[in-house]
Amino acid sequence: MSLLITCENGGNKLPPFVIDAFRSAAAIRDLASPLGFDPGAKAAALDLAERTKAPMVSCPYSRLAIDVNRSPHHRHLFSPHTKKLSPEIREALVRHVYEPYRRQVHAAIDKLLQSHAYVIHIAVRSFPLQGKTGPRRTDVGLIYDPCREDEREFCLDWYEELYYEAPWIRVRRNYPVRGRHDSLVKSLRDTYSPHEYLGIEIHLNQAWAERRTRIRKQSFSRIGDTLATILELPPLATIGAA
């Protein structure tokens with residue numbers, strides 16, 4: 001078994017060749033908001049990677065330029081800020097941002113499969129407290145394909161560990177999105193068999209995940225520790241000890 005951590009929407013940088021499309025006050029505001037990236041997601045991914053000593057891949061660019069978590073023909077691959085740019089610039093976004101990130105993730109998985117029987121991939125996301133129908137009353141969502149038994153059982157184990165080790169964290173399965181929604185993880189399921197790849201998304205509520213508080217630090221710690229427990233990894237304090 002091996003583990004890979006990724007964060008597709010943790011950054012809000014822009015490639016230099018699209019900066020002119022983001023000169024307006026509205027565009028600048030969008031970039032700094034949850035429209036432009038997933039607040040708290042990269043910090044959580046870094047913490048998970050540190051606690052499990054797993055490799056991590058993250059995309060530094062804003063999804064308002066191009067969303068590397070979408071399939072190539074998804075209607076939201078480009079944002080309203082870039083959708084009307086010339087075909088040449090949109091193609092450059094695909095060549096210089098989208099495809100390199102996707103290749104990087106595939107390469108990381110392929111490298112792990114050279115020395116391990118299968119890869120568990122944890123993609124870290126965050127979501128706004130307010131949804132279309134009101135407040136989302138959960139802290140953490142574990143997202144998996146219910147048709148893949150190993151993914152379902154893995155999330156059930158993680159759910160149970162969090163229930164006992166972090167009772168203040170409200171956890172739901174396949175919420176706030178369904179387990180088979182359009183995403184990088186879904187595309188990887190189509191590429192790799194269930195015997196060599198398990199794809200799990202963990203979604204964190206931005207109401208707590210983006211705030212640098214003691215409870216965030218404690219919650220990140222327990223999420224990482226429970227993941228290590230499921231994977232039967234040594235505690236962080238003992239990794240690398242003599």
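The following legends describe close-up views of a predicted protein model.

**View 1. Confidence across the predicted model.** The average pLDDT of the protein is 94, and 96% of the residues score at least 70. Residues 237-242 have a pLDDT below 50, and beyond near neighbours in sequence this stretch has 3 contacts in the model. Where pLDDT is low, the predicted coordinates should not be read in detail.

**View 2. The largest nonpolar core.** This core contains 33 residues, and those with the most contacts inside it are Ile 122, Val 124, Phe 154, Trp 158, Leu 204 and Ile 223. At least two residues of the core come from each of several elements, including strand S1 (2-7), strand S3 (119-127), helix H4 (149-165), strand S8 (197-205) and helix H7 (214-230). Helix H2 provides the largest share, 5 residues. A second, separate core has 32 residues, among them Val 57, Cys 59, Val 97 and Val 185.

**View 3. The surroundings of Val 124.** Which residues does Val 124 touch, if those up to four places away in sequence are not counted? They are Ile 5, Thr 6, Cys 7, Ala 41, Ala 44, Ala 45, Leu 48, Ile 202 and Leu 204.

View 4. Helix H2 covers residues 41-52. Its 12 residues should span 16 Å at 1.5 Å a residue, and this agrees with the end C-alpha atoms, which are 16 Å apart. Among the buried residues of H2 are Ala 41, Ala 44, Ala 45, Leu 48 and Ala 49, and also Asp 47, Arg 51 and Thr 52. The buried residues of this helix pack against S1, strand S2 (56-58), S3, S8 and H7.

View 5. Lys 53 lies in the loop between H2 and S2. Its phi is near 55°, which is a positive value in a residue other than glycine. Is Lys 53 buried or exposed? Lys 53 counts as exposed because its relative accessibility is 52%, and the cut-off for exposed is over 50%.

**View 6. The loop between strand S7 and helix H5.** Asn 174 lies in the loop between S7 and H5, and Pro 176 lies in the loop between strand S7 (171-173) and helix H5 (184-191). The phi of Asn 174 is near 50°, a positive value in a residue other than glycine. Asn 174 is buried, because its relative accessible area is 17% and buried means under 20%. The peptide bond from Tyr 175 to Pro 176 is cis, with omega near 15°. Most residues other than glycine have a negative phi, and most peptide bonds are trans.

**View 7. The largest pocket.** About 1200 Å³ of space lies in this pocket. The lining consists of 34 residues, of which Leu 35, Arg 63, Arg 70, Arg 125 and Arg 136 are the closest to the centre of the pocket. S3, strand S4 (130-131) and strand S5 (134-135) each supply at least two lining residues. S3 gives the most, with 3 residues.

**View 8. The largest cavity.** A search of the whole structure finds 1 cavity of 30 Å³ or more. The volume of the largest cavity is about 50 Å³. Its lining is formed by Ala 44, Asp 47, Leu 48, Val 124, Ile 202, Leu 204, Phe 220 and Ile 223. H2, S8 and H7 are the elements that give two or more residues to this lining. Which element gives the most? H2 does, with 3 residues.

Methods:
Residues numbered from 1 in each chain as written. Predicted model: local features only at pLDDT ≥ 70, side-chain atom pairs only at ≥ 80, totals over all residues. Heavy atoms only, no water. pLDDT = per-residue confidence, 0-100. Contact = heavy atoms within 4.5 Å. Core = buried A, V, L, I, M, F, W, Y, C linked by side-chain atoms within 4.5 Å. Buried < 20%, exposed > 50% of the residue type's maximum accessible area, 1.4 Å probe, protein only. Helix = DSSP H or I, 4+ residues; strand = E, 2+ residues; numbered from the N terminus. Expected span 1.5 Å × (residues − 1). 1 Å grid on protein atoms, 1.4 Å probe; cavity = no way out; pocket = protein on both sides within 12 Å on 5 of 7 lines; lining within 4 Å. Points joined across faces, edges and corners; volume = space filled by probe spheres on them.
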